[in-house]
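Morning, everyone. Please have the model up.

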Amino acid sequence: MQLLNSTISKSAFAFLLFFVLGFSQTHAQEIRDQTIKYQNLIALVDAFYVDSVSLEKLTEDAIVKVLAELDPHSVYISKDEVKAMNEPLQGSFSGVGIQFNILRDTLMVVATIPGGPSEKAGLRASDRIIKIDDEMVAGVGMKNTDVFKKLRGDKGTKVNLTILRRNEKELLDFLIVRDDIPIFSLDASYMINKNVGYIKLNRFAAKTAEEFLEALLKLKEQKMEDLILDLRGNGGGYMTAAIKIVDQLFNKDQLIVFTDGLKSKRHDNVSTDEGSFKEGRVIILIDEGSASASEIVSGAIQDWDRGLVVGRRSFGKGLVQRQFPLSDGSMIRLTTAHYYTPTGRCIQKPYDNGLMDYRMDIINRYNSGEMVNQDSIHLADSLKYKTLVKERLVYGGGGIMPDVFVSIDTAANFKYFNLLARKNVLYPFVLTFMDNNRDNFKSKYSDFETFNKKFQVTEDMLKELVAQGDEAKVEHTEEEYLAVEEHLKIHLKALIARDIWDGAEYYQIVNQKNDILDKALEILENPKEYEKYLK
């Protein structure tokens, strides 16, 4: 009855949790009654059910089902999933500090993390890892998840790597001591032109506000006057990180966001006097993948007329979750409140029609024509609000509506490009190309500026890419190829830059052909147009 006892302890924990949180005696008795009812069910199944069952799995399935009935963002996280789900938000994990790829069934080092244990030990890009702790990993069908399990571990523990290196006759042995490896939430930060700075965030994690402030100050040192903050595809994270970022852009005592719920009283988050970029113009880039904390930033900027939001309607997540640990190391992420933008907008999209309908929302936007035509978006008058300074019309319910709409590129134009990516042709092509040309590139392009000006993707490179696509059975017409030829050149050049340098260089290239960013720059270059949208 070991598992039954475990279930009882979970139930007792839940009862104590609700009792401590101040529920009335009536609520406490109801919780007790339902707890006993579930205990009786589990005991009966354990005692009389015809086949053997896992009581732990039954309990977990029940928890998942209960939470699914509440809202799309209240979820159960098993003890095995807790660490993996928290790592990106905590901002670090312990490991050896490499970026890797499995190329032709061989584990290859793509790059070492600067200052990480592998760099300190002397590993290099293009090294092949043949053995991990004397276990063969080359040619054995290893997957990414297998590599993570073998290379990650507690800080201070050791791992032995056997390396095959180009131009070395013998295999090389390295002893790596695992250490904390940072996970950065800032993808890129650079000056687009002499006046405009650009920052791209991929999530809102524990150290995001610090990364943002550091980038902001560096851009100010480079004479930045206006800022473009790119939150496209940013699914959110910690609300506190979003609040701290807005704080850098606001004057003192401006409401940034407030939360309110049936069992949690309203809490206002107000800006301080610590803002380091209070005057310059601001444009936020969003799309259908911008959610949660991204929408807090966008909504606050929009509501106070602090800047413009450019792109497409954001995801629409206006629910706040808290994490509650359970007795066995698992966790419940439970929605406890709604958050509201400064004007009082709740931007949570409806979920009354069930989880499947909720998950289909983005596809429905494609099908309705919303992604290519702003006139296809229809919102109720009850969702209308006015901004706090200019009294411009904005909407709640279903995400942040941009001030300036930019349609998505039609999928048909990018069919061939998307197939090359999905069939895993593009990135391995670049890995192989750099593996054969790395030394030559380092001597020919000593810095990114030289590379960006002089390097061009050749016709021979494109022919080889197409040939590899043909081998992978990526079918295409001449028209489909010509539609993406320039895009392929830019993307290949950007991937090569990322292989040599970092993500910032990748975005400096890939952003050279970007409709949403181009529109933002067009607006900033024309002060009258910027002011026109703020009227």
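Start with the term: rings of Phe, Tyr and Trp (its six-membered ring) pair if their centres lie within 6.5 Å, with planes under 30 degrees apart called stacked, over 60 edge-to-face and the rest tilted. By that rule, the structure holds 18 aromatic pairs.

Take one of them. The ring centres of Phe258 and Tyr340 are 5.0 Å apart and the planes sit at 15°, so this pair is stacked. Phe258 belongs to strand 13 (residues 255-261) and Tyr340 to strand 18 (residues 331-340), so the pair ties together parts 82 residues apart in sequence. Helices (H or I, at least four residues) and strands (E, at least two) are DSSP runs, numbered from the N terminus. Both Phe258 and Tyr340 are buried. Buried means under 20% relative accessible area, exposed over 50%, and partly exposed in between (1.4 Å probe, protein chains only).

A word on the source. This is a predicted model, where local features need pLDDT of at least 70 and side-chain atom pairs count only at pLDDT 80 or more, while totals for chains, interfaces and linings use all residues. Residues are numbered from 1 along each chain as its sequence is written, and side-chain values use heavy atoms, with hydrogens and water left out.

Next, helix 14 (residues 448-454). It holds both Phe448 and Phe451, three residues apart, about one turn of the helix. Their rings pair in a tilted way, at 6.4 Å centre to centre and 35° between the planes. Phe448 is buried at 6% relative accessible area, and Phe451 is buried at 0%.

Now the helix packing. Which residues of helix 13 meet helix 15? Leu426, Phe429 and Phe433 do, against Met461, Glu464, Leu465 and Gln468. Contact means heavy atoms within 4.5 Å. The axes of helix 13 (residues 426-444) and helix 15 (residues 459-471) come within 10 Å and cross at roughly 130°. Axes here are lines fitted to C-alpha atoms, for helices over the stretch in contact, with angles from 0 to 180 degrees between N-to-C directions.

Last, Gln508. Its place is in helix 17 (residues 503-510). Gln508 counts as partly exposed, at 23% relative accessibility. Leaving aside neighbours within four places in sequence, Gln508 is in contact with Tyr190 and Phe448. From Lys79, Gln508 is 429 residues away in sequence and 40 Å away in space, C-alpha to C-alpha.
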